[in-house]
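Hi,

Here is the structure I promised to pass on. My notes on it follow below.

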Amino acid sequence: MAAEDLPLAGRVVGVTAHRRSEDQISALERRGARVIHAPALKVEPVGEDAGLAAASRAMFEARPDLVLLTTGYGLRRWHDAAVAQGFDADLLLCLREAAVYVRGPKGRGAVRGLGLEDAGMSADETTQGLVDLVLAEHGGDLTGRTVGLQLHGIADAVQRRRLTDAGARVLTVTPYRWASADDAGQVPVLVREAAAGRVDAVTFTAAPAVDALFSTAEELGLHEQLLAAFRGGMLAATVGPVTAAPLLELGIEPLVPERFRMGAMLKQLTDALSGKDADDDGR
């Protein structure tokens, strides 16, 4: 096979994703990379969780004026749980009566999949952008309004506070949460290899995976070494600004594609790695 068909030959890439990891790994291996799959976290639907049902019913009873959906996946899991627990009609009524705002195209697609329409979508596919949009459309004043907020596995306290500071009563639901996915103990392997300078890049498709990787490094006494590896040339590839945020906070400049999709992330990473001599890093 021609060298140009294997632009990542000789490169080592760490993959931290659990969901859709097979697609990502296959794409990297087809390009010639050796992959260390270290799934840091996995999405765990709450399903029959009584807490989700209670939070949902509290929201339905409050009849929110606005509902903010941060992920399409979250809406689908919320609807799945609603069907399983018998409150799907209440969920659809709630969304139909409220002005529904979505973070990105996947959220818009999920809303339309339920036969509904959204009132607007953030310009940059971030929760901050979503809140910016809502505040701008309401003159920065949400006094007397009830806002339903679908969280995406983690609680975004900063954006929720912006809504409450604007006067809103905010009710939240969390249709899925993050849980450890490292059943095979590969996260420590990736940390050790990366800290030793034997990894060219690490991909991230969810912000919590960054925290999980560095928490593991801390436990292994390799936090500073891992940080130095990223700052010294090991690439951090992300699917978008939400995932990139915790890396930026650590002083790491990650790759962020113009289109916030896995395919765009992999293309950008391939271009970045294939543009360098594989021997430049001394291996």
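Helices here are DSSP runs of H or I with at least four residues, strands are E runs of at least two, and both are numbered from the N terminus.

Before you dig in: this is a predicted model, where local features need pLDDT of at least 70, side-chain atom pairs count only at pLDDT 80 or more, and totals for chains, interfaces and linings use all residues. Residues are numbered from 1 along each chain as its sequence is written, and side-chain values use heavy atoms, with hydrogens and water left out.

Back to α5 (residues 105-113): its buried residues are G107, A110 and V111. Buried means under 20% relative accessible area, exposed over 50%, partly exposed in between (1.4 Å probe, protein chains only). Those three cover an arc of only 100° around the axis (taken from the directions from the helix axis to the C-beta atoms), which puts them on the same side of α5. K106 and G113 are exposed on the other side. The buried residues pack against β4 (66-69), α3 (72-85) and β5 (99-102), with contact meaning heavy atoms within 4.5 Å.

Now the cores, meaning sets of buried Ala, Val, Leu, Ile, Met, Phe, Trp, Tyr and Cys residues joined through side-chain atoms within 4.5 Å. The largest nonpolar core has 27 residues, and L213 is one of those touching the most other members. Its largest share, 6 residues, comes from α9. A second, separate core of 23 residues includes V111.

Cheers
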